[in-house]
Amino acid sequence: MLKRSLETSYPSIWLQGEVSNLKKHTSGHTYFTLKDEDAQISCVFWRSRASTVKFTLEDGMKIQAQGAITVYPPRGNYQLDVVKVVPVGIGELQAAFEKLKMKLSAEGLFSAERKKPVPEFPQRIGIVTSETGAALRDIVSVISRRYPSVDLLLIPVRVQGSGAAQEIASAIRDMNQFGEVDVMIVGRGGGSLEDLWPFNEEVVARAIFDSRIPVVSAVGHEIDFSIADFVADLRAPTPSAAAELVVPNRIELLETLVNICYTLSQKLGDQIVWGQNAVKGILASYSFNQPRQLVAFLAQRLDELERSLSVEVEHSLKLTRSKYHSLRQRLESVGPGNILRRGYAIVRKGEGVVMSSQELQPGDRADIRFHDGEVPTRVEPK
Amino acid sequence: MSAKKIEKSFEAAVKRLENIVESLESGSVPLDQTLALYEEGIELAKWCGEKLQSAEVKLKKLSKSVEGKFEVTDFEE
């Protein structure tokens, strides 16, 4: 009775208030309370509708919600079945964003030709963000894991509220004046559109554009683009992602090094087959015995890494390790001592090594050397 | 080029290594040069491996005084 009365009286209403108690259920449905100074109402936002929203709902956000009042009989409470939400104030900010975006785009601040390449192996990385925010912790943690042989240099700034844009812009200029960084990350973690606003201001855009040092932007959520993202030399969806973009992965690098050592030894081995005279000297030389030592050395690095790294990279390390084991076996098999054992043979005529089929004529005598001895032969007439 | 000369740049070391591997893979290098390239490659790879060993990220803070002088200090949380 009450249910019918309420649901027919309020089939569609607009309510304005602040989001609190936000819960995003794994089912995709979103539940929250909408409140103002003197009242509150539970809201339910079903998955099919919630998924169409272009911004991220957050606690504390001011919104206008459209929906119908429904009653949940088992508990006897009523709720707003939300159809549509609009952030309050979005209109003005959105308009300012679009206007500035068009202006800077027309001036060429976003053009691809003006973007600077980000170095592959930086030694010192500048960071412009809040010294208390999650962004800084995320960046430090990712870089510690992937490539700790770098220095990080932070200029702490406020990343929201009035004056933040000026601080960010001046930090970018200071970083350039200081000069001794290879690349810089500028950004903050996620927040409401208002929170992210400093990164949509012209003064920040111009500072990024004027920077000689390549700038990687890392602002907020994956789905939102800021003006800073458009101007930056590289745009990362989150601070953690920015950290992954600016440093290589040392496990992959070690793997590459092991591969290179293998290739080097194999190429040398190949040549040795053809240069039998050089074999004895090389076998005895210090340098020939290096690759095995080097593989052992790199393996030790892997061991150290395995001990020091967290569980999430362990899997990748195991893969590298098994590759390294098979490489070592292959490396050992290409040693000159083993080449003959692998089925190669050396053909000699007199004192010289026969390098080509053209060198042997019918009737020639030749000796074939195997790993376990020599066989004298004679070339048959054609 | 010795490993000492490229000490400043990991990038240059990796580039040179790739370069060496390419030359050797082309198959047109005589044996004595192969040996030299091989030794250089091994030395570079070892140097790179050592560089990757470094213990911990160093986080510092950059500040600028009113006179415009820069100061780098340890970061304390």
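Reader: Hello! Which residue stands opposite Arg348(A) in strand 12 of chain A?

Author: Arg348(A) has Val353(A) opposite it in strand 12 of chain A. This is a predicted model, in which local features need pLDDT of at least 70 and side-chain atom pairs count only at pLDDT 80 or more, while totals for chains, interfaces and linings use all residues. Residues are numbered from 1 along each chain as its sequence is written, and chains are lettered from A and ligands numbered from 1 in the order in which they are written.

Reader: How many bridges join strand 11 to strand 12 of chain A?

Author: In general, strands are DSSP runs of E with at least two residues, helices are runs of H or I with at least four, and both are numbered from the N terminus. Two strands pair if DSSP finds at least two bridges between them. Here, strand 11 (residues 346-349) and strand 12 of chain A run antiparallel, joined by two bridges. Their hairpin has two residues between the strands, and Gly350(A) takes a positive phi near 65 degrees there.

Reader: What is the strand order of the open sheet?

Author: The order is 12-11-13-14 in chain A, with antiparallel pairing. Strand 12 (352-353) and strand 14 (373-378) of chain A each have a single partner strand, so one side of each lacks a neighbour in the sheet. Strand 11 of chain A also pairs with strand 13 (residues 365-370) of chain A, over three bridges; there, Ile346(A) has Arg369(A) as its bridge partner.
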